[in-house]
Each structure stands twice: as structure tokens, then as C-alpha cells.
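This report describes side-chain packing and pairing in a single model.

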Amino acid sequence: QWQLVESGGGSVQPGGSLRLSCVASGSSLDSYAIGWFRQAPGKEREGVACISRSGMTSNHTNAAKGRFTISRDNAKNTVYLQMSNLKPEDTGVYFCAAASVTSLWPDDYLPLTYEYDYWGQGTQVTVSS
């Protein structure tokens with residue numbers, strides 16, 4: 001069964017860094033556009049960043065720009081979210097999600113508003129002093 005598994009979350013102080021990983025098992029990840037999302041306590045889930053199948057293009061929300069970087073290594077079936085200069089408002093559960101759209105070019109990413117098909121269970125990120 002194909003599934004996504006996130007890891008790399010944890011507790012850090014403000015200004016710290018974390019690298020989240022999203023690993024696909026059961027099938028190759030290179031057929032899927034990937035997005036990272038997060039959900040803070042008591043809030044709705046929101047997009048963070050997305051990346052094309054090839055990894056050549058990506059997009060980050062305003063909250064993530066300059067601090068977070070999404071990347072992927074298709075040979076390792078893994079997508080990463082490097083987070084730096086973390087702030088307390090970055091606290092939440094982080095999810096990766098995947099979608100396969102046949103009409104999508106390999107260098108095109110899916111917007112974070114797209115209804116992604118597959119979701120991981122999430123990894124907790126806590127930023128606190």
C-alpha cells in the first residue's frame with residue numbers, strides 16, 4: 001500500500017532549525033507533485049510550500065519565504081522541508097501531501113489550494129522558549 005510518512009519534527013527554541021522529511025513507501029514518488037501543509041492548534045490547515053515532480057520549480061507561502069525551503073530527492077523517494085529561524089507561530093503538525101495529475105508538466109507544481117490525494121500522518125513541530 002502506497003503511503004507517505006513524515007519525520008523530523010521536534011521541539012526547538014525560537015530561531016532554531018529543523019528539517020522535515022516525507023518518504024513514500026510502496027511506490028515511486030517521482031510521479032507526484034508534493035505539498036507541505038501545517039495545522040496549528042485550533043486553526044485550519046494551511047499550505048506551506050509545494051514542489052513539482054522534477055523538483056525544478058517550487059513555491060512557498062509568504063509565511064515560509066526566506067525561512068523554509070522545499071526540495072526533493074526522487075532517487076531517495078523523499079521530499080524535504082528545511083526550516084530555519086523558526087518562530088512560535090510555526091508550531092503545529094506538519095503534513096506532506098501528494099497528487100498525480102496526468103496533465104501536469106514535470107516542471108509544474110500544483111498550487112496549495114489543489115485537493116491533494118494522499119496525505120501522511122503528520123509530524124509535530126513545537127517552537128517555544
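Tyr116 is buried, with a relative accessible area of 6%; buried denotes under 20% relative accessible area, exposed over 50%, and partly exposed the range in between, for a 1.4 Å probe and protein chains only. The model is predicted: local features need pLDDT of at least 70 and side-chain atom pairs count only at pLDDT 80 or more, while totals for chains, interfaces and linings use all residues. Residues are numbered from 1 along each chain as its sequence is written, and side-chain values use heavy atoms, with hydrogens and water left out.

**Aromatic pairs**

Rings of Phe, Tyr and Trp (its six-membered ring) pair if their centres lie within 6.5 Å; planes under 30 degrees apart are stacked, those over 60 edge-to-face, and the rest tilted. By this rule there are five aromatic pairs. Tyr32 lies in the loop between strand S3 (18-25) and strand S4 (33-39), and Tyr118 in strand S10 (residues 118-119), 86 residues apart. Strands (E, at least two residues) are DSSP runs, numbered from the N terminus. Tyr32 is buried at 13% relative accessible area, whereas Tyr118 is partly exposed at 37%.

The rings of Tyr114 and Tyr116 are also edge-to-face, with centres 5.9 Å apart and planes at 85°. Tyr114 is partly exposed, at 33% relative accessible area. Ring pairs join Phe37, Phe95, Tyr114, Tyr116 and Trp119 into a cluster. The charged end of Arg45 sits over the ring of Trp119, 3.8 Å from its centre; the criterion is NZ of Lys or CZ of Arg within 6 Å of the ring centre and within 35 degrees of the ring normal. Arg45 also lies over the face of Phe37, at 6.0 Å from the ring centre.

**Salt bridges**

The structure holds three salt bridges, each a side-chain nitrogen of Lys or Arg within 4 Å of a carboxyl oxygen of Asp or Glu.

| Glu46 | Arg38 | 2.6 Å |

Salt bridges that share partners connect Arg38, Glu46, Arg67 and Asp90 in one network. Both Asp90 and Arg38 are buried, as is Arg67, while Glu46 is partly exposed at 37% relative accessible area. Asp90 belongs to the loop between S8 and S9 and Arg67 to the loop between strand S6 (58-60) and S7, so their pair ties together parts that are 23 residues apart in sequence.

**Nonpolar cores**

A nonpolar core is a set of buried Ala, Val, Leu, Ile, Met, Phe, Trp, Tyr and Cys residues joined through side-chain atoms within 4.5 Å. The largest has 26 residues, of which Trp36, Leu81, Met83 and Tyr94 touch the most other members. Strands supplying at least two residues each include S3, S4, strand S5 (46-51) and strand S8 (78-83). The largest share, four residues, comes from S3. Leaving aside neighbours within four places in sequence, Leu81 is in contact (heavy atoms within 4.5 Å) with residues including Leu18, Trp36, Val48, Phe68 and Tyr94. Another core, apart from this one, has ten residues, among them Phe37, Ala99, Leu104 and Leu110.
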